[in-house]
Amino acid sequence: MIILKKYRILLLVTALAVTLCLGCESNFKEVQKINFTEFTPSGDADNVDLKYTDSGLIKVILISPKMLDFSSVSFPFTEFPKGIDVTFYDNKAQKTRVTSNYAISYKETGIIDLQGKVKIATEKGQLLETEQLYYDQKNEWFFTEKRFKFTDIKGSSNGQGIDFSRDFKIVNSQKITGEFDSAE
C-alpha cells in the first residue's frame with residue numbers, strides 16, 4: 001500500500017512536471033517572437049549617382065551600385081555593400097577621388113568607414129592605399145590604424161597608422177618606412 005501511494009505521487013509529480021515543461025516551451029517561443037525585430041533597410045537603391053552642391057557648385061559626387069538606408073534603427077546608418085566611388089571638389093575645383101569595396105556611413109557621428117582596397121587619389125598625383133580608412137565628414141579628416149602605402153611625386157612610403165586632412169596638406173603618420181626623393 002505504501003509503495004502504491006509513493007508510486008501514485010511520483011506519477012502525479014512526473015505528469016505535472018511534463019505538463020509544465022511542454023506548456024512553458026510554447027510560451028517561451030512566443031515570448032522570443034515578441035522580442036524579435038526584423039533588421040531590414042527602410043530604403044534600398046541600385047545604381048546610385050548622387051551629386052551634392054553648395055551655392056551652385058558641385059562639392060561631392062557619390063556613385064555606388066547598391067545603397068541600403070537604415071535610418072529607422074536606433075543608431076541610423078547607410079550601407080554601401082558593393083562599394084563606393086566618391087569625388088570631392090575643393091574651392092579651386094581640384095578633385096580628390098576615394099574608392100573602396102565597402103562603405104558604411106553613420107548619420108549621428110558623421111563617420112564613414114571605408115573597407116577593402118581603399119584608394120584616395122588627388123589631381124596632384126598623391127595616392128594612398130589601405131584596407132580600411134575612416135573619414136570624419138565634419139572635420140574633413142581621414143584616419144586609420146591599418147597598414148598603408150602612400151605615393152606622391154617625391155616617392156613612396158609604407159607604414160601603419162596615419163591621419164590626414166582631405167587635401168593632404170596635413171599628414172601625421174605613426175610608423176613609416178620607405179624612400180622619398182629629397183629633390184623638389
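The chat below goes through strand pairing, backbone angles and a few contacts.

Modeller: Before anything else, this is a predicted model, in which local features need pLDDT of at least 70 and side-chain atom pairs count only at pLDDT 80 or more, while totals for chains, interfaces and linings use all residues. Residues are numbered from 1 along each chain as its sequence is written, and side-chain values use heavy atoms, with hydrogens and water left out.

Biologist: OK, how many bridges does β1 make with β2?
Modeller: Strand β1 covers residues 43-54, and it pairs with strand β2, residues 57-70, in the antiparallel sense over 11 bridges. Strands here are DSSP runs of E with at least two residues, numbered from the N terminus, and two strands pair if DSSP finds at least two bridges between them. As an example from this pair, Asp 46 has Lys 66 in β2 as its bridge partner.

Biologist: And what sits in the hairpin of β1 and β2?
Modeller: That hairpin has two residues between the strands, and Ser 55 takes a positive phi near 55° there.

Biologist: Which other strands does β2 join?
Modeller: Four bridges join β2 to strand β4, residues 84-89, and the two run antiparallel; here Val 60 has Phe 88 in β4 as its bridge partner. Three bridges join β2 to strand β3, residues 77-80, again in an antiparallel arrangement, with Phe 77 in β3 as the bridge partner of Phe 70. The hairpin that joins β2 to β3 goes through six residues.

Biologist: Switching to phi, what is the value at Asn 47?
Modeller: Asn 47, in strand β1, has a phi near 50°, which is a positive value in a residue other than glycine.

Biologist: Is that residue buried or exposed?
Modeller: Asn 47 counts as exposed because its relative accessibility is 66%, where buried means under 20% relative accessible area, exposed over 50% and partly exposed in between, with a 1.4 Å probe and protein chains only.

Biologist: What about Lys 117?
Modeller: Lys 117 is not a glycine either, yet it has a positive phi of about 50°. Lys 117 lies in strand β7, residues 111-122, and counts as exposed because its relative accessibility is 57%.

Biologist: Last topic, what does Tyr 52 touch?
Modeller: Tyr 52 is placed in strand β1, and leaving aside residues up to four places away in sequence, it touches Leu 57, Ile 58, Lys 59 and Val 60, where contact means heavy atoms within 4.5 Å. The C-alpha atoms of Tyr 52 and Phe 88 are separated by 9.6 Å, and these residues are 36 residues apart along the chain.
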